[in-house]
Amino acid sequence: MSQQVRGVVARSKGAPVSLETIVVPDPGPGEALVKIEACGVCHTDLHYREGGISDDFPFLLGHEAAGVVEAVGEGVTDVAPGDFVILNWRAVCGQCRACLRGRPWYCFDTHNAKQRMTLTDGTELSPALGIGAFAEKTLVAAGQCTKVDPAASPAAAGLLGCGVMAGIGAAINTGNVGRGDTVAVIGCGGVGAAAVLGSKLAGAARIIAVDIDDRKLDTARKLGATHTVNSKAGDAVDTIRELTGGFGADVVIEAVGRPETYRQAFYARDLAGTVVLVGVPTPEMKLELPLLDVFGRGGALKSSWYGDCLPSRDFPMLIDLYLQGRLDLDAFVTETIALDEVEKAFERMHGGDVLRSVVLL
């Protein structure tokens, strides 16, 4: 048995996406069928369309989503039909060396649905990040579904499925931001803005937001930044040091993913401070730093994968904070759009006008 639904497909590198009829199989063992209610438009989806992640076209795009479980396959016990869930792209295996050492957020063998969704002619689709949620329904591994309080807005909740969780987690999980710390966030798009929010949630005393766009800096201030720096107007490292008594920040979160901004992060931290790279670089980028500086400054240089989150632990906790009014996830929803407006959302993304466009179904 299978169902036919509408979904957004990238057929070839760089070509505009199209709304297609998708064939979705019934869930097999360990799988879940989810009716999508909302899905954010993430830069990663654009990278897929541009061929920047792989050339396994055609792609069924979308991955930052929330919805309701419609059916589950054999052996699924963690979720059931009717559960409101956030989808995640790191369903931990429980058996790899990271999981067995008690570090499941580093799972090296995450899994997806075994069955493929297809076009009506039988062409297999590659679901973005193993999810493919720009669709009325999608098939995922049951471990990719995290049950949360259904009182949450789907548009806001779904954003924890990728960008917002990456930023919050970069501050709380990877950077271990603590009460009274000074934090600098370089790059204040969706992920960087979420890192500002996460730093505030963790109790940072001073949060310095750095960007070249005053609109993004205004948003960062609304989310908890105590100071903002437009790096077009002056040297960001010097300004961060001036704002921290000449020392630098305890934690610097780099949310751009470029060598020049990483160097800024490296030199803007205090001795024994922490740099967290959560911005995603491209394969050709190279970084050069004096090895003596790496040794002499001490501290830690970390990369943050998906905010080092554990969905089963982090998603319900963050949704509870959202429902208590302590975590403003709604601030990230700039606009809501229809399924056939994803291509227009990609265009607006280039202009820096939105934190997130969210597809409502």
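Student: Which residues lie nearest the centre of the second largest pocket?

Tutor: In this predicted model, the lining of the second largest pocket is made of 20 residues, and the space in that pocket comes to about 390 Å³. By class, the lining has nine nonpolar, eight polar and three charged residues. The ones that lie nearest the centre are Asp78, Ala91, Ala142, Gly143 and Cys145.

Student: Which element supplies the largest share of the lining of the second largest pocket?

Tutor: Two elements, β10 (145-147) and α10 (311-323), each supply at least two residues of that lining. The largest share amounts to three residues, and the element it comes from is β10.

Student: Which strands stand at the edges of the open sheet of six strands?

Tutor: The open sheet has the order β13-β12-β11-β14-β15-β16, and its pairing is parallel. Two of these strands have a single partner strand each, so one side of each is left without a neighbour in the sheet, and these edge strands are β13 (227-230) and β16 (300-303).

Student: Which residue in β14 does Ala184 stand opposite?

Tutor: Strand β11, residues 182-186, pairs in the parallel sense with strand β14, residues 249-254, and the pairing runs over four bridges. Within β14, the residue opposite Ala184 is Val252.

Student: What angle does the direction of helix α6 make with that of β13?

Tutor: Helix α6, residues 214-223, packs on the sheet, where it touches both β12 (206-211) and β13. The angle between the direction of α6 and that of β13 is about 170°.

Student: Why is α4 described as roughly perpendicular to α10?

Tutor: The axes of helix α4 (residues 163-174) and α10 come within 12 Å and cross at roughly 105°. Angles of 65 to 115 degrees count as roughly perpendicular, which means that α4 stands to α10 as roughly perpendicular.

Student: Which residues of α10 make the contact with α4?

Tutor: The residues of this contact divide into four nonpolar, one polar and two charged. From α4 come Met165, Ile168 and Asn173, while the residues from α10 are Arg313, Asp314, Phe315 and Leu318.

Student: Which helix supplies the largest share of the lining of the largest cavity?

Tutor: The structure holds one cavity of 30 Å³ or more, and about 40 Å³ of space lies in the largest cavity. Its lining is formed by Met165, Ile168, Gly169, Ile172, Asn173, Asp314, Met317 and Leu318, with α4 and α10 each supplying at least two residues. The largest share, five residues, comes from α4.

Methods: Residues are numbered from 1 along each chain as its sequence is written. This is a predicted model: local features need pLDDT of at least 70, side-chain atom pairs count only at pLDDT 80 or more; totals for chains, interfaces and linings use all residues. Side-chain values use heavy atoms; hydrogens and water are left out. On a 1 Å grid over the protein atoms alone, a cavity is a set of points where a 1.4 Å probe fits but cannot get out, and a pocket is an open set with protein on both sides within 12 Å along at least five of seven lines; lining residues have an atom within 4 Å of a point. Grid points are joined across faces, edges and corners, and a volume is the space filled by probe spheres set on the points. Ala, Val, Leu, Ile, Met, Phe, Trp, Tyr, Cys and Pro count as nonpolar, Asp, Glu, Lys and Arg as charged, and the others, Gly among them, as polar. Two strands pair if DSSP finds at least two bridges between them. Contact means heavy atoms within 4.5 Å. Axes are lines fitted to C-alpha atoms, for helices over the stretch in contact, and angles run from 0 to 180 degrees between N-to-C directions. Angles under 35 degrees count as roughly parallel, over 145 as roughly antiparallel, 65 to 115 as roughly perpendicular and the rest as oblique.
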